[in-house]
Amino acid sequence: MSRQEQKQKTRQSIIDAAFQLLNENRTLSAISLREVAREAGIAPTSFYRHFKDMDELGLTLVDEAGLALRQLMRQARRRIASGGGVIDTSVDTFMEFITANSNVFRLLLREHTGTSAAYRLAVSREIQHFTDELSDYIIEQLKIPHDIAVLQAESMVRLVFSAGADALEADAILKATISQRVKKQLRFIQLGSLAFWQKLPD
């Protein structure tokens, strides 16, 4: 392994360690540099070869979480292309993501309304990227105007994130109930968007 590859591997170990330390009781601000270094299996001084400070690591975690969201949407699109229903497949994929990556989603939820302005801005930017991709997909699939597609996408993302927050600590039965409810709510939004567009004057 080259020196550059080893450095990248250690950097990823630090990121993974920080995500591991996040749970239902601990936020980014509650985690110390020493804890992250210990979890990653490195000396605390080695941390500074990869990140300037914990704030820089925190912003990197937000970037990683945003990337995971966009990868999630692309995964859902591939499933849809192979024959899955758009809303059912998207919600099922999202719930699988929350189950497998609870700390990633927990980070986005908390820091979106957290005390750090830098984190709030970074999370808002990542959620906007997610919303933009969804609105582009809606335009492509439903052929509706951009402004209506954006409103629909924003409504859907807010609803799904809210359902995700409810499902985060839920057991399998409650999670299934939440999934079924949000699927119906998303259909309400989709039908309402189409009805609104069709009634607009020429």
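Predicted model: local features only at pLDDT ≥ 70, side-chain atom pairs only at ≥ 80, totals over all residues.
**Ground rules**

I number residues from 1 along each chain as its sequence is written, and side-chain values use heavy atoms, with hydrogens and water left out.

**Entry 1: the chain**

I looked up the elements and found 9 helices and 0 strands. Helices (H or I, at least four residues) and strands (E, at least two) are DSSP runs, numbered from the N terminus. The C-alpha atoms fill a box of roughly 65 × 35 × 35 Å along the principal axes. Of the 202 residues, 42% are buried. Here buried means under 20% relative accessible area, exposed over 50%, and partly exposed in between (1.4 Å probe, protein chains only). I also checked contacts, meaning heavy atoms within 4.5 Å. Among those between residues at least 6 apart in sequence, 63% join residues at least 24 apart.

**Entry 2: the largest pocket**

I searched for pockets next. On a 1 Å grid over the protein atoms alone, a cavity is a set of points where a 1.4 Å probe fits but cannot get out; a pocket is an open set with protein on both sides within 12 Å along at least five of seven lines. Lining residues have an atom within 4 Å of a point. Volume is the space filled by probe spheres set on the points, with points joined across faces, edges and corners.

The largest pocket holds about 450 Å³. Its lining has 22 residues, and Val-86, Ser-90, Leu-134, Tyr-137 and Met-156 lie nearest the centre. Helix 4 (54–81), helix 5 (86–100), helix 7 (117–142), helix 8 (146–167) and helix 9 (172–198) each supply at least two lining residues. Helix 7 gives the largest share, 6 residues. I sorted the lining into 17 nonpolar, 4 polar and 1 charged. For this, Ala, Val, Leu, Ile, Met, Phe, Trp, Tyr, Cys and Pro count as nonpolar, Asp, Glu, Lys and Arg as charged, and the others, Gly among them, as polar.

**Entry 3: the second largest pocket**

This one holds about 290 Å³. Of its 13 lining residues, His-112, Ile-127, Thr-131, Val-157 and Arg-158 are the closest to the centre. Helix 8 gives the most, with 5 residues. The lining splits into 5 nonpolar, 6 polar and 2 charged.

**Entry 4: helix 7**

I traced helix 7 from end to end. Its 26 residues reach 36 Å from first C-alpha to last, close to the expected 38 Å. The expected span is 1.5 Å times one less than the number of residues. Its buried residues include Glu-126, Phe-130, Glu-133 and Leu-134. Their cover includes helix 4, helix 5, helix 6 and helix 8. Just after the helix, Lys-143 takes a positive phi of about 60°.

**Entry 5: aromatic rings**

I found 6 aromatic pairs in the whole structure. Rings of Phe, Tyr and Trp (its six-membered ring) pair if their centres lie within 6.5 Å; planes under 30 degrees apart count as stacked, over 60 as edge-to-face and the rest as tilted. Phe-105 and Phe-161 make a tilted pair, 5.3 Å centre to centre with 55° between the planes. Phe-105 sits in helix 6 and Phe-161 in helix 8, 56 residues apart. Phe-105 is buried at 0% relative accessible area, and Phe-161 counts as buried at 9%. Phe-94, Phe-105, Phe-130 and Phe-161 form one aromatic cluster.
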